[in-house]
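Try each task before you read its solution.

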Amino acid sequence: MPSPFDPVTVGGLALPHRIAMSPMTRNRAPGQVPNDLMALYYAQRASAGLIITEGTQPSVVGQGYLNTPGIHSAEQIRGWRKVTDAVHERGGRIFVQLMHSGRVGHASLLPDGMRNVAPSAVPADIQIFIGDGMGDAPVPAELTEDGITATIQDYAQAAANAIEAGFDGVELHGGNGYLIHQFLSTNANLRTDHWGGSQHNRARFAVETAKAVAERIGAHRVGLRISPGVTNNDIREDDPHDTYAALADGLRPIGLAYLHIFEGPYRDITLHLRKEFGGAFILNPSTPGSFTSREQLELIEDGTTDIITFGALFLANPDLPARLAGNEPLNAPDRSTFYGGDHHGYTDYPALED
């Protein structure tokens with residue numbers, strides 16, 4: 001079986017090793033525009049086999065959190081170009097994660113008169129930080145058929161913008177309770193048309209979005225992240241085994257570059273998807289009460305996955321691959337500075353000096 005430090009190919013992209021950086025929300029983009037601080041942050045971590053950025057909204061209505069970046073305007077494309085240039089100058093590889101938050105959000109974060117959208121008009125039982133306190137997530141507007149088509153095209157256009165901004169590819173965020181996951185779920189998606197009901201119908205939005213993005217920029221540049229059985233943001237899946245089997249069936253013909261699992265309680269689903277998915281397999285493994293750490297590298301060695309993503313340890317150790325390869329001591333992440341587990345690092349670590 002391979003070593004974590006062996007090279008691997010993802011789509012058409014050659015990675016020097018199998019240690020990747022997980023997407024983590026940073027809330028460091030005032031005005032939703034990437035900036036110099038973000039370029040420094042990602043460049044410092046360019047030794048990752050692959051960097052996957054923080055969740056980035058593909059459209060104005062896709063924003064769910066304060067000060068998160070978008071990739072739907074010319075100014076945002078220029079801002080992201082600073083980031084990708086900085087990473088590439090240090091020999092790194094970087095995908096942007098496209099994250100439409102759907103019903104996760106708040107009216108104060110959107111232009112006047114705009115509403116959050118979702119598969120059905122069912123609010124999430126959560127609160128959102130809005131700058132001066134917390135606010136309840138709203139009752140979203142149910143997407144019409146035309147609205148679904150337009151949203152899928154927003155993803156495709158955002159992917160094209162990402163390539164213009166210099167990214168090596170895009171990751172579609174299909175987990176953790178955001179829009180694609182809302183369509184997969186059984187409590188946020190109450191539709192009775194061909195976008196809801198059966199497992200294949202609930203998987204349709206994920207499949208059609210992946211297909212549209214792949215047609216726009218090439219399937220070899222597209223990954224998908226999912227989180228079977230994860231209940232973040234008030235998501236429920238009554239039939240996860242059947243739902244993700246249906247999703248795998250729909251994705252297989254597209255030929256995506258990779259599937260990225262943020263693992264919940266179902267290792268058996270992880271192993272099934274590992275067997276059924278045709279491309280590279282990336283895993284952010286379940287580590288209840290802890291972080292993904294060097295112990296999880298054995299999941300590469302035993303064939304469970306091709307690549308492991310690290311979140312918190314990359315925040316505290318920008319040179320993480322070298323430290324792991326040399327069996328060097330690791331800085332411990334400060335739990336007080338983020339929430340939500342390894343995948344969602346709401347943090348205030350200072351950018352490290354070179």
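**Exercise 1. Is Asn27 buried or exposed, and what is its phi?**

Step 1. Asn27 counts as buried because its relative accessibility is 17%, where buried means under 20% relative accessible area, exposed over 50%, and partly exposed in between (1.4 Å probe, protein chains only).
Step 2. Helices (H or I, at least four residues) and strands (E, at least two) are DSSP runs, numbered from the N terminus.
Step 3. Turn to the backbone: phi of Asn27 is near 55°, a positive value in a residue other than glycine. As background, most residues other than glycine have a negative phi.

A note before you go on: this is a predicted model, in which local features need pLDDT of at least 70 and side-chain atom pairs count only at pLDDT 80 or more, while totals for chains, interfaces and linings use all residues. Residues are numbered from 1 along each chain as its sequence is written, and side-chain values use heavy atoms, with hydrogens and water left out.

**Exercise 2. Find the loop that holds Asp234, and give its phi.**

Step 1. Asp234 lies between strand S11 (222-226) and helix H6 (240-251), in the loop.
Step 2. The phi of Asp234 is positive, about 60°, although Asp234 is not a glycine.
Step 3. Asp234 counts as partly exposed because its relative accessibility is 29%.

**Exercise 3. Which residues of helix H1 are buried, and what covers them?**

Step 1. In H1 (residues 36-43), the buried residues are Met38, Ala39, Tyr41, Tyr42 and Ala43.
Step 2. Their cover includes strands S3 (19-21), S4 (51-56) and S5 (94-98), together with helices H2 (74-89) and H9 (312-316). Contact here means heavy atoms within 4.5 Å.
Step 3. Look at the N-terminal end of H1, which Asn35 caps: a side-chain oxygen lies 3.2 Å from the backbone nitrogen of Leu37.

**Exercise 4. What does Phe314 touch?**

Step 1. Phe314 is found in helix H9, and it counts as buried because its relative accessibility is 0%.
Step 2. Leaving aside neighbours within four places in sequence, Phe314 is in contact with Ile19, Ala20, Met21, Arg45, Ala48, Leu320 and Pro321.
Step 3. Take Ala48 from that list: Phe314 and Ala48 are 266 residues apart in sequence, yet 8.8 Å apart in space, C-alpha to C-alpha.

**Exercise 5. Which side chain makes a polar contact with the side chain of Thr270?**

Step 1. Thr270 lies in helix H7 (residues 267-276) and is buried, with a relative accessible area of 2%.
Step 2. Not counting residues up to four places away in sequence, Thr270 touches Ile261, Glu263, Phe281 and Leu283.
Step 3. The partner is Glu263, whose side chain makes a polar contact with that of Thr270 (2.8 Å). A polar contact is a pair of N or O atoms within 3.5 Å; within protein, one must be able to donate a hydrogen and the other to accept it, and residues adjacent in sequence count only if both atoms are side-chain atoms.

**Exercise 6. Where is Ser59, and which residues is it in contact with?**

Step 1. Ser59 lies in the loop between S4 and H2.
Step 2. Ser59 is buried, with a relative accessible area of 8%.
Step 3. Apart from its neighbours within four places in sequence, Ser59 is in contact with His72, His100 and Asp154.
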